[in-house]
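The following exercises ask the reader to work through a structure step by step. Each task is followed by its solution.

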Amino acid sequence: MKCPYCSFADSRVVDSRDTDSGVRRRRKCLKCAVRFTTYERFHAVTLFVIKKDERREAFSKDKLLAGLRKACEKRPLPAGAVEKVASDIESELYATGKPEILSSAIGDMVMTRLKNLDNIAYIRFASVYREFTDTDLIQEVESLNITPTPPPIGQLTLPIKT
Ligand SMILES: [Zn+2]
């Protein structure tokens, strides 16, 4: 814990007490002798996702990955690209330190990344996640400058059947 005044790296704990949300410590800088206070708080280990209907469920990277794989099915993506998107989002979520997050916020994170990765995957994901109508979809496709070669636009919403 660096001293906030002189940035010296070492301090001595002169007092420590429990509070409702964690531990409060009084410290004394070993260099400039100034006293300062630090707080240690608990962070939830499990991250909860708040769904549209306000139900909560534990965040699952596997579930996120499954959704991404579906959107990216048969797309010419580099190996590991989909897994990297899932890992990046997971790290970003935990880095917020928040115990819960809106599912729509995760959806937006996915959309941003897919848009940079693959237009078709992005459209597929967006059509499911945002429940696009055909008009929305056409507008979105046009905004991405995708030439709608066959299959027709309407079928872009469906995963390719094998
Ligand atoms: Zn100091």
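**Exercise 1. Determine where Lys74 is placed, and whether Lys74 is buried or exposed.**

Solution. The model is a predicted one. Step one: Lys74 is located in the loop that joins α1 and α2. Step two: the relative accessible area of Lys74 is 52%; the cut-off for an exposed residue is over 50%, so Lys74 is exposed. Step three: the backbone of Lys74 has a positive phi of about 60°, although Lys74 is not a glycine.

**Exercise 2. Carry out the corresponding analysis for Glu54.**

Solution. Glu54 belongs to the loop between β4 and β5 (56-58). With a relative accessible area of 62%, Glu54 is exposed. Its phi is positive, at about 70°, and Glu54 is not a glycine.

**Exercise 3. Identify the buried residues of helix α1 and state what they pack against.**

Solution. Step one: in α1 (residues 61-71), the buried residues are Leu64, Leu65, Leu68 and Ala71. Step two: around the axis these residues cover an arc of only 120°, and they therefore lie on the same side of α1. The general principle is that an α-helix has 3.6 residues a turn, so residues three or four places apart point the same way. Step three: Asp62 and Lys70, on the other side of α1, are exposed. Step four: the packing partners of the buried residues of α1 are α2 (81-95), α3 and α4. Step five: at the N-terminal end, α1 is capped by Ser60, which has a side-chain oxygen 3.4 Å from the backbone nitrogen of Asp62.

**Exercise 4. Describe the position and the contacts of Asp118.**

Solution. Step one: Asp118 is found in the loop between α3 (103-117) and α4 (119-129). Step two: its relative accessible area is 8%; buried means under 20%, and Asp118 is therefore buried. Step three: Asp118 caps α4 at the N-terminal end, with a side-chain oxygen 3.2 Å from the backbone nitrogen of Ile120. Step four: when neighbours within four places in sequence are left aside, Asp118 contacts Arg75, Pro76 and Leu77.

**Exercise 5. Which residues coordinate the zinc ion, and what is the arrangement of the donor atoms?**

Solution. Step one: the SG atoms of Cys3, Cys6, Cys29 and Cys32 coordinate the zinc ion at 2.2 to 2.4 Å. Step two: the angles subtended by the four donor atoms are 106 to 115°, so the arrangement is tetrahedral. Step three: the spacing of the donor residues in sequence is C-x2-C-x22-C-x2-C. Step four: Cys3 lies in the segment before β1 (11-19), whereas Cys29 lies in strand β2 (residues 22-29); the pair therefore ties together parts that are 26 residues apart in sequence. Step five: Cys3 and Cys29 are both buried.

Definitions and conventions: Residues are numbered from 1 along each chain as its sequence is written. This is a predicted model: local features need pLDDT of at least 70, side-chain atom pairs count only at pLDDT 80 or more; totals for chains, interfaces and linings use all residues. Side-chain values use heavy atoms; hydrogens and water are left out. Donors are N, O and S atoms within 2.8 Å of the metal (3.2 Å for Na, K and Ca); water is not among the atoms, so sites may look incomplete. Four donors count as tetrahedral if all angles lie between 85 and 135 degrees; four count as square planar and six as octahedral if opposite donors are over 155 degrees apart and all others between 65 and 115; anything else is irregular. Helices (H or I, at least four residues) and strands (E, at least two) are DSSP runs, numbered from the N terminus. Buried means under 20% relative accessible area, exposed over 50%, partly exposed in between (1.4 Å probe, protein chains only). Contact means heavy atoms within 4.5 Å. A polar contact is a pair of N or O atoms within 3.5 Å; within protein, one must be able to donate a hydrogen and the other to accept it, and residues adjacent in sequence count only if both atoms are side-chain atoms. The arc is that of the directions from the helix axis to the C-beta atoms.
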